[in-house]
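Hello,

Here is the structure I promised to pass on. Have a look at it first, and then read my notes on the aromatic rings below.

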Amino acid sequence: MTPDGCVFDMLNIIPYISKYKKCPVTGKALALKDMTKLTFHKNDKGEHHCPVMFKTFSPHTAIVANKKSGHVYCQEAVDQLNFKPKNFKDLMTDEPFARTDIVTLQDPQGNDHRDIATFEHIVKQETFQDAKQSQMKVPEETRRILEKAGLSMTKSSGDVKPGQVKLVDKAGPDGVKRKKGVSSGMMAASFTSTACDVHTKVEEQAMTDLEKRQELWSIMRKLGKKGYVQFTTTHGNLNLEIRADVTPATA
């Protein structure tokens, strides 16, 4: 996020700023150190919402962000729980902040930053090439964030070699893997609690990280294949065989 509240995808804004040193929307001078990494929160449907009011974001929601913590809230939460009681501490991290640290991301009453035809890079027809993302000069912290999110800056070494197995994590349309025949219970909960979003249909329960791994371990046992690891030392290479079909969790 820029100081003006413009939000960008990290993989697209980094090469643009590295080349033009300005904001692609307003044209103001901009450096990577001026950007703020935002933390959006999602409900069980995968929809972005306010982590305090639990209200789902829509085109008609006033949305703000705290530059100190990076957390995103609805304007109502900040007004009622921060500004009105004069409690200038972040609602998620309890980190102190100033009124000027609250930046508006979306204002339904004024969409000055939503007219694409007025964007700086559109008016001047600026383009950039990011074919070599691995050579982009970005802060080490940013690189670690990208790699943790599965968006590594380096290209993969190639396709899967013959004899190797590539496991694909198949998720549903909402990007969440679910247990077949096991209800999440959210529809019943929404009838009795105002803190839950309204659910009008039965949804299957989402799988935990452990259950996803156990599913992959079961596949590895059925495949019956071994794994191999090579350690490179000062005295030569050391090749090890891993019994992935017997102890897939350890492997």
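**Notes on the aromatic rings**

Arg 99 lies over the face of Phe 83, 4.2 Å from the ring centre (a charge sits over a ring if NZ of Lys or CZ of Arg is within 6 Å of the ring centre and within 35 degrees of the ring normal). Phe 83 also belongs to one aromatic cluster with Phe 88 and Phe 97.

Before you go further: this is a predicted model, where local features need pLDDT of at least 70, side-chain atom pairs count only at pLDDT 80 or more, and totals for chains, interfaces and linings use all residues. Residues are numbered from 1 along each chain as its sequence is written, and side-chain values use heavy atoms, with hydrogens and water left out.

The structure holds 3 aromatic pairs. One of them is Tyr 16 with Tyr 20, a tilted pair with 4.7 Å centre to centre and 40° between the planes. (Rings of Phe, Tyr and Trp, the last by its six-membered ring, pair if their centres lie within 6.5 Å; planes under 30 degrees apart count as stacked, over 60 as edge-to-face and the rest as tilted.) Tyr 16 and Tyr 20 are 4 residues apart in helix H1 (residues 10-20), so about one helical turn separates them; helices (H or I, at least four residues) are DSSP runs, numbered from the N terminus.

Another pair is Phe 88 with Phe 97, edge-to-face at 5.9 Å centre to centre and 65° between the planes. Phe 97 is buried at 8% relative accessibility, while Phe 88 is partly exposed at 27% (buried means under 20% relative accessible area, exposed over 50%, partly exposed in between, with a 1.4 Å probe and protein chains only).

Best wishes

Terms used: Helices (H or I, at least four residues) and strands (E, at least two) are DSSP runs, numbered from the N terminus.
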